[in-house]
Amino acid sequence: VKQERIGCGGSKSSKCADKNVPEQKTISTSTPVINKKEIAGKKPQQAKQCSIFCMIFVLVRFVIIEFPLVILFALAMSGHMLSHLYEEYLEPQFDLMEYTDRNKTDDRTFYHRSCDESDVTTLNPKDLYIQDHYTTDDNVDHMMTHGMSLYKNILTKDTSTKLRDWVLERNKSLKKDDEISVISNENRWSFYIGANEHPVVTKAIREVATHKVFRQALERIVGKDPAIIEMTAITSAYGAEDQFWHHDVVAEGSPAKFGRSFIPSYSLFMTLQDTTSAMGATEVCPGTYMCSNGDSERTCGDVGFQVSGSGAWEQGDAIFMNQQSFHRGAAHVDPNGPHRSLFIITFAPRPMDIRYETRLLGQGGSYSLRWNMWGHTLDDFEHSETKMRQPWTTLKALGIYKPKGSHWGWDWISQNSMRLANSDTGFYEPEKLDEFVDSGGFH
C-alpha cells in the first residue's frame, strides 16, 4: 500500500496548520492488498509443520548417512594410528628385546660356571647376618661374597604383626584372578599387593625405605632410587612341601653370563613372624649367584640350610638376596605351628632411559607385581600416599607420563614386551598367553 500526502505534503509549517486542511488520499498500486489477520493465522501453523518435517528429515539423514560415515572415518583413523604405532614403535621394540642365539654368543661377559658344593661360601646362617659394626662398604662386600645378607629389624614387631594379620585375611578372600601360582602351590598362597591397598602396607614399605643401614647398602648395590619390580606376599601352611632348589632368574637370561644385556635384581624376604625350621623357614645356598648350571640339587642338596638355623628366623628380620642365588621354600611340617608368611619386595636398577634402554629384565622370573605398580621406584613407594595417586599412577605404569622430579621405573608395556618377545615365564605356553590376552594383560 502506497500513501502520499496531498496539499501540504506532510509539512509541519504554520501556514498549513492555519488552513486546517490535512487532507490525505490513498493511492493504491497494482499489488493486491493482503489481509494481515490471515497471515497471522497461517504462518505459525505452516512454520510448525515445516519444523517437524525438517527435524525428521535431519534425523533420518544423520542416522542413515552421516553417523555411519563418522563411524567409518573414526575406524579408518584408528586403524591407521594403530598400524603406525605397531610398525614404528612396537615392532622395532620387539626386535630389540628379542634375545637370540647370536646375542648369547656375542654378548657373553662371563664363562659358563658349573658349581658344586665347594662353591658354597658358608654353611652357617650366622655368617649371613650384617653386624652392627659393619660399614656400608662392608655390607656391599658381604653381598658380593655370599650373594645374600640377613638384616635385623627391617620391619618393627608391631608393623610385621599387623601386616601378617592383614595378609592372612586376604588369603581367605582370594579370587582366582588375584592368586599367584608358586612352586609346590599346594597349601601355599600368594597375591599381588598395591602400595596403598592398606595403611599397614604403606607403613611397611616406608619402614623398608627408611631403614638407614639397608637403604645405604641397597643404593650402593642397585643404584640410587631403584625400581620396584615385585611386591607380593607368600604364605605356607602345615602340609606345604619342599620346593625344588631354584634361582628366580635363569643363567642363560641373567647377568650371571650376560652382564651388559640383563640387569641384576635383588629380593628382600621379610618374615612376618618368628619362623622355625619346622614351619618352613627359607633355605639358601650362599655363593651360588654366579653359577650357570641348572643342576641346583647337586650343588645345594647336601649343603643348603635354613636361615633360621637351630632356632628361629626372628619376626621383622629379612634376607636380601641376589635373584641368581639358589634357594627354596622349605616344607611346613609343624602340625601345631602357625602359618608362615613372607612379605617380598624385589629391586632392580632403573632403566637408563625408557626410550633407548636395550637391557632386559632377567628371564625366568615371575615378577609378581600388580600391573599399575610398574614404572615406579622406591621413592614413589616410600611416599605412595602423595606420589602414587590416580591417574598419575596408571600413566606412569604405562610409560606415558611421570611427574616432574621423579624417575622412571620399568613400565608395564616394556617389561611385558620383553617377556612376550622371548616367550618368557608365563608366555611360553599357549594357554598362559590366552589367559594374558583374555585378562587384557592387567592383573
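**Surroundings of histidine 247.** Histidine 247 touches Cys291, Asn293, Gln323, Gln324, Ser325, Phe326 and His327, leaving aside residues up to four places away in sequence; contact means heavy atoms within 4.5 Å. Its side chain reaches the backbone oxygen of glutamine 324 at 3.4 Å. Histidine 247 belongs to the loop between strand 5 (227–236) and strand 6 (266–271); strands (E, at least two residues) and helices (H or I, at least four) are DSSP runs numbered from the N terminus. With 16% relative accessibility, histidine 247 counts as buried, a term for under 20% relative accessible area, with exposed over 50% and partly exposed in between (1.4 Å probe, protein chains only). The model is predicted: local features need pLDDT of at least 70, side-chain atom pairs count only at pLDDT 80 or more, and totals for chains, interfaces and linings use all residues. Residues are numbered from 1 along each chain as its sequence is written, and side-chain values use heavy atoms, without hydrogens and water.

**Helix 7 and its end.** In helix 7 (residues 212–222), the buried residues are Phe214, Arg215, Ala217, Leu218, Glu219, Ile221 and Val222. Glycine 223 follows helix 7 and has a positive phi, near 110°.

**Two loop residues with positive phi.** Asparagine 187, in the loop between helix 5 (157–172) and strand 4 (188–192), has phi near 65°. Its relative accessible area is 26%, so asparagine 187 is partly exposed. Serine 423 has a positive phi of about 50° and lies between helix 12 (412–421) and helix 13 (430–438).

**A cis peptide bond.** The bond from glutamine 390 to proline 391 is cis, with omega near 5°. Proline 391 sits in the loop between helix 10 (384–387) and helix 11 (392–397).

How values were computed:
Polar contact = N/O pair within 3.5 Å; in protein donor to acceptor, adjacent residues only side chain to side chain.
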